[in-house]
Amino acid sequence: MNPLSSNWQLADKTITSRLLIGTALYPSPQIMQEALAASESQIVTVSLRRQNPRENSGEDFWSLIKNSQYHLLPNTAGCHSVKEAITTAQMAREVFDTNWIKLEVIGDQYNLQPDPLGLIEASKELIAQGFEVFPYCTDDLVICEKLVAAGCRILMPWGAPIGTGKGLINPYALRTLRHRLPETTLIVDAGIGAPSHASFAMELGFDGVLLNTAVAEACEPVKMATAFSHAVQAGRLGFEAGLMQQRDMAQPSTPTLGTPFWHQT
Amino acid sequence: MIDITINGTAITTEHRQLCEFLDSYFMKSCLQSHKKESSPNENISDGNSEFKFAIAINDNFVPRSQYQTITLKNNDRIELLSPMQGG
């Protein structure tokens, strides 16, 4: 791990990396493993699916992940109702032996936009049942405030809809969230397409970035995972260092005193 | 015999006890795949491989601790979910 990176607290875990990464869509399990390693991430997302025990796919995946050093963040991907999400979370807690849940309640099938009201209802119930809820939400300030009021210590607003790779389509909203929720752990989840998008999110002061497709569907996923690792670290260091104020007018960086061939205009 | 569905597939079974049904369900896979031995209170394992799973019946989670006491009814819907890649 880069010595410039410092520890931070994500729920009950003290970790170093601020990049959370998904395990889906890789060309092969081998490339997935190499990409996860290259990302230097310590948190990986996983899911539950119907599987026939006669087939090996899930078992193979589990054998790769179960003895790894990663903290697992199960999701409720594909759930369209509060009931489905809660039941899936309960099943995930038993299978993965963690109370962490990336809560997804999809409200619209076209852009996979989270159902904000469903998220709040499900969050309340799951928190009451002892879960650490990581809600995948939109960047709506009021919804995010209500999720915090429901007991969420971590919010994961989208940068853009899942899998679009469009980056941060509403920086104003994300900047506002950071400003208005200074005590909440904020992680941009979804929509990240390029390392520069991740850097931007971190420069805004977000605590982390969660992505999957941008790495898994890169021409070279392992190299892209390395790129994102550096990008997240660079963005975080930039935030900690403090960005300069933007100006409308140019201002020379080279001292004007003693400028050669100077002449009065 | 009762008619149930598991992961959306309709089947008929003589096993009304959930743990017996699971024994039967996994033993079937055993014959065709990994020679796993069924053990209702554990994830199915033969020592080298492990089929990790959780169950919901009629949309309600069933903790592993209840597998021995649940009796299946006609038209029950079982969801049997296992680890998979996710984003």
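Predicted model: local features only at pLDDT ≥ 70, side-chain atom pairs only at ≥ 80, totals over all residues.

Me: What makes strand 4 of chain A and strand 7 of chain B a pair of strands?

Reply: Two strands pair if DSSP finds at least two bridges between them. Strand 4 of chain A and strand 7 of chain B (residues 77-85) are joined by 5 bridges, so they meet that condition, and they run antiparallel.

Me: Why is the link between A:E94 and B:R64 called a salt bridge?

Reply: The rule asks for a side-chain nitrogen of Lys or Arg within 4 Å of a carboxyl oxygen of Asp or Glu. Between the side chains of A:E94 and B:R64 the distance from N to O is 3.8 Å, which is within 4 Å, and therefore the name applies. Across the interface of chain A and chain B the rule finds 2 salt bridges, and it also finds 16 residue pairs in polar contact, with both residues at pLDDT 80 or more.

Me: Which elements of chain A supply at least two residues each to the side that touches chain B?

Reply: They are strand 4 (43-50), helix 2 (57-65) and helix 3 (82-96). Helix 3 of chain A gives the most, with 7 residues. Sorted by class, this side of chain A has 9 nonpolar, 13 polar and 9 charged residues.

Me: How many residues does each chain bring to the contact, and what area is buried between them?

Reply: Chain A brings 31 residues and chain B brings 34 residues. The area buried between chain A and chain B is about 2,900 Å², and carbon and sulfur atoms give 56% of that area.

Me: How do you know that strand 1 and strand 2 of chain B are paired?

Reply: Strand 1 (residues 2-6) and strand 2 (residues 9-13) of chain B are joined by 5 bridges and run antiparallel, so they count as a pair. Within this pairing, B:I2 stands opposite B:T13 of strand 2. The hairpin that the two strands form has 2 residues between the strands, and in it B:N7 takes a positive phi near 50°.

Me: What share of chain B is called buried?

Reply: A residue is called buried under 20% relative accessible area, and buried residues make up 45% of the 87 residues in chain B.

Technical notes: Residues numbered from 1 in each chain as written. Chains lettered and ligands numbered in written order. Heavy atoms only, no water. Contact = heavy atoms within 4.5 Å. Buried area = accessible area lost by both parts, 1.4 Å probe. Polar contact = N/O pair within 3.5 Å; in protein donor to acceptor, adjacent residues only side chain to side chain. Helix = DSSP H or I, 4+ residues; strand = E, 2+ residues; numbered from the N terminus. Nonpolar A, V, L, I, M, F, W, Y, C, P; charged D, E, K, R; others polar. Buried < 20%, exposed > 50% of the residue type's maximum accessible area, 1.4 Å probe, protein only.
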